[in-house]
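Colleague: Could you walk me through this model? I'd like to start with a charge and a ring, then go on to other ring pairs and a sheet.

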Amino acid sequence: MSEEMKIPYKIYLTEDEMPKDWYNVRADMKKKPAPLLNPGTGQPMTAAELEGVFCKELVEQELDETNRFIPIPDEIRDFYKMYRPSPLVRAYCLEKKLGTPAKIYYKFEGNNTSGSHKLNSAIAQAYYAKKQGLKGVTTETGAGQWGTALSMACSYFDLDCKVYMVKVSYEQKPFRREVMRTYGASVTPSPSMTTEVGRKILAEHPGTTGSLGCAISEAVEDAVTHEGYRYVLGSVLNQVLLHQSVIGCETKAALDKYGIKPDMIIGCAGGGSNLGGLISPFMGEKLRGEADYDIVAVEPASCPSLTRGVYAYDFCDTGKVCPLAKMYTLGSGFIPSPNHAGGLRYHGMSPVLSELYDQGMMRAVSVEQTSVFEAAEMFARVEGILPAPESSHAIRVAIDEALKCKETGEEKTIVFGLTGTGYFDMVAYEKFHNGEMVDFIPSDEELQASFATLPKLG
């Protein structure tokens with residue numbers, strides 16, 4: 001056996017090697033992300049104000065910028081052991097298909113019933129809600145992966161779970177909806193007539209297919225108007241990136257086990273949960289000056305918050321009931337085209353990732369969905385996993401970078417995040433195979449009109 005082939009197809013950690021702490025990248029950032037602002041006063045949100053919407057201990061994590069490591073409670077770690085550590089896979093078959101000298105690895109997060117990485121934060125947020133003695137939680141979901149994960153977590157802790165699902169995904173993915181209902185969640189297509197903000201959005205945008213921003217507004221309203229409930233979010237927030245750091249910490253531990261140093265780390269980017277989690281320990285090394293990596297965020301060309309957005313304070317939701325966050329944004333009123341990467345259809349980007357991007361610590365590219373599905377199909381045929389449309393954005397760029405290595409002869413080591421499986425996304429695959437899939441890219445005029453609605457701060 002050659003020296004090269006001594007690296008197994010799948011690198012597993014033992015349970016004892018699984019991370020015992022989440023890593024808080026903000027502790028290593030010299031320039032911290034800008035604080036959340038109260039939309040009424042324009043002042044930084046206090047813990048007391050945030051606790052009206054979020055669980056108390058999650059608020060502490062949201063505001064923590066000093067503790068580099070935060071212990072993972074034993075109850076959460078025990079739950080993680082049902083599906084973690086997840087494998088780091090060497091894509092030998094894809095490398096052979098491409099004829100590239102590049103070495104390609106992917107961290108596979110789809111080996112649980114929810115089908116994605118979202119369960120890592122869902123179980124943490126449900127745990128803190130249960131610990132606080134709440135009746136239940138409300139949330140939004142785009143593609144349905146977060147809603148599925150949260151319904152599983154709430155079922156485990158016997159909590160009520162109310163999910164507002166972006167209408168286009170609710171209609172495209174009925175089976176994902178039924179998995180949520182199987183775990184006891186109520187699922188409402190958003191925007192809906194069940195909330196004041198939903199009715200307002202429908203009046204202003206009749207026939208809209210919805211957006212994550214719309215669904216967030218409805219979920220927040222539901223939480224704050226019902227005693228014993230709090231709102232939980234599947235991406236964007238600092239606390240979510242913290243929980244998802246388990247992905248990156250496992251990835252780095254697996255690479256270190258075989259003395260592998262990546263040159264490039266690639267992740268799909270919607271709100272930032274997967275990308276932020278995957279890159280966290282590597283970014284920490286970069287921030288501390290210990291190592292350097294080419295870190296790449298990949299977003300849909302139809303919703304290009306990093307590559308074409310502006311860095312400004314904006315509402316996190318369409319109904320403008322949430323705090324203001326400084327982030328790369330397309331405007332809270334931006335309604336993306338109904339593309340099939342539902343989990344990436346968010347108008348803004350995590351404040352942490354936005355600040356890192358603004359500092360030049362990472363770069364971003366946008367890709368069109370037909371090319372994404374071409375990459376997804378190639379990957380499925382050679383690696384044996386049907387990838388989620390969201391994950392396939394990272395696959396697209398990993399393939400492109402590997403082909404560049406083929407042209408130049410460089411032997412780069414590429415790591416990307418395979419966030420989940422696409423078995424509930426067959427309508428999208430059907431559209432692609434039938435030649436019915438179209439690419440939509442917003443015009444500069446459309447984006448400028450949306451930017452004009454950004455809140456004006458004094």
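Colleague: Which ring does the charged end of arginine 177 sit over?

Modeller: The charged end of arginine 177 sits over the ring of tyrosine 170, 4.4 Å from its centre, where sitting over a ring requires NZ of Lys or CZ of Arg within 6 Å of the ring centre and within 35 degrees of the ring normal. Lysine 162 has its charged end over the ring of tyrosine 229, 4.5 Å from the centre.

Colleague: What should I keep in mind about the model itself?

Modeller: This is a predicted model, in which local features need pLDDT of at least 70 and side-chain atom pairs count only at pLDDT 80 or more, while totals for chains, interfaces and linings use all residues. Residues are numbered from 1 along each chain as its sequence is written, and side-chain values use heavy atoms, with hydrogens and water left out.

Colleague: Now rings: how many aromatic pairs does a search of the whole structure find?

Modeller: The search finds 17 aromatic pairs, a pair being rings of Phe, Tyr and Trp (its six-membered ring) with centres within 6.5 Å, stacked if the planes are under 30 degrees apart, edge-to-face if over 60 and tilted for the rest. Tyrosine 311 and tyrosine 328 are stacked, because their ring centres are 4.8 Å apart and their planes are at 5°.

Colleague: Changing topic, in what order do the 4 strands of the open sheet come?

Modeller: The order is S8-S7-S6-S9, with parallel pairing, and two strands pair if DSSP finds at least two bridges between them. Strand S8 (186-190) and strand S9 (229-231) stand at the edges with a single partner strand each, so one side of each has no neighbour in the sheet.

Colleague: How many bridges join S6 to S9?

Modeller: S6 and S9 are joined by 3 bridges, and threonine 138 has tyrosine 231 in S9 as its bridge partner.

Definitions and conventions: Helices (H or I, at least four residues) and strands (E, at least two) are DSSP runs, numbered from the N terminus.
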